[in-house]
Amino acid sequence: MRYAILVLITLAGCSVRHASDQYRCDDATPCGAGRFCDNGFCVLTGSIDAPKPMGDATRADATSAGCPPGCTTCSTTQKTCTINCQFGGCDNLVVCPAGYKCDILCNTDNSCRDGINCMAGASCNIECSGKQACRGVQCGAGPCDVGCSGMSSCEGVRCNNSCACDVSCTGSQACSEIACPSLACRNTTSAGCTSVPSFCNSCP
């Protein structure tokens with residue numbers, strides 16, 4: 001009798017359907033609406049376990065939001081653009097979109113070595129913090145601020161007709177071939193440029 005009871009209990013336990021079983025999935029058993037299959041279980045779309053986009057996905061999201069090509073993030077209403085080299089895209093010529101105020105972060109080694117073109121931008125704030133970052137920088141007519149904190153950064157910076165051009169050379173062996181708007185606007189304590197004197201700043 002005792003043996004028969006044990007058999008009944010065992011059979012009853014085997015017939016119990018665990019709650020997690022209804023969320024199992026595979027190629028033959030897809031998930032329902034609002035869920036996706038992750039490691040054999042149906043997971044709610046947008047749950048904390050869903051993989052988060054990184055790298056190129058971030059850049060793609062910026063493009064889909066209407067940002068100009070090359071901008072990691074932007075505001076199309078305020079005409080601002082951030083180009084962050086940590087997300088890639090700085091192995092070729094870096095261009096500030098026409099009419100935009102750009103923050104260009106050359107924060108990885110050897111980034112922005114194929115040139116930075118700010119000729120059509122409203123303004124450019126360029127941070128050359130990576131080793132040997134930034135070569136062939138061309139400022140536009142707007143304010144142009146170039147920070148050269150990376151070792152051996154900033155080779156060939158042209159202020160051109162910038163209304164206020166500042167080139168700060170704080171990195172070891174930073175700054176070579178720097179062309180200020182005029183000799184009077186050269187920073188006397190470094191190889192950079194300054195817009196501090198009133199005649200070196202004609203911005204409206």
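This is a predicted model: local features need pLDDT of at least 70, side-chain atom pairs count only at pLDDT 80 or more; totals for chains, interfaces and linings use all residues.
Close-up 1. The partners are Arg 113 and Glu 155, whose closest N and O atoms lie 3.6 Å apart. This pair links distant parts of the chain, as the two residues are 42 residues apart. Look for Arg 113 in the loop between strand 6 (101–106) and strand 7 (116–117), and for Glu 155 in strand 11 (residues 155–158). Arg 113 has a relative accessible area of 19%, so it counts as buried, because buried means under 20%. Glu 155 is partly exposed, with a relative accessible area of 29%.

Close-up 2. How exposed is Arg 135? Its relative accessible area is 32%, so Arg 135 is partly exposed. Leaving aside neighbours within four places in sequence, Arg 135 is in contact with residues including Arg 113 and Glu 155, the two salt-bridge partners. Cys 112, Asp 114, Gly 115, Ile 116 and Gly 156 are also among its contacts. Ile 116 is 19 residues away along the chain, and its C-alpha atom is separated from that of Arg 135 by 7.4 Å.

**Close-up 3. Ser 123 in strand 8.** Our last stop is Ser 123, in the strand that covers residues 123–128. Which residues touch it, leaving aside neighbours within four places in sequence? Ser 123 is in contact with Cys 96, Tyr 100, Lys 101, Cys 102 and Pro 143.

Technical notes: Residues are numbered from 1 along each chain as its sequence is written. Side-chain values use heavy atoms; hydrogens and water are left out. Buried means under 20% relative accessible area, exposed over 50%, partly exposed in between (1.4 Å probe, protein chains only). Contact means heavy atoms within 4.5 Å. A salt bridge is a side-chain nitrogen of Lys or Arg within 4 Å of a carboxyl oxygen of Asp or Glu. Helices (H or I, at least four residues) and strands (E, at least two) are DSSP runs, numbered from the N terminus.
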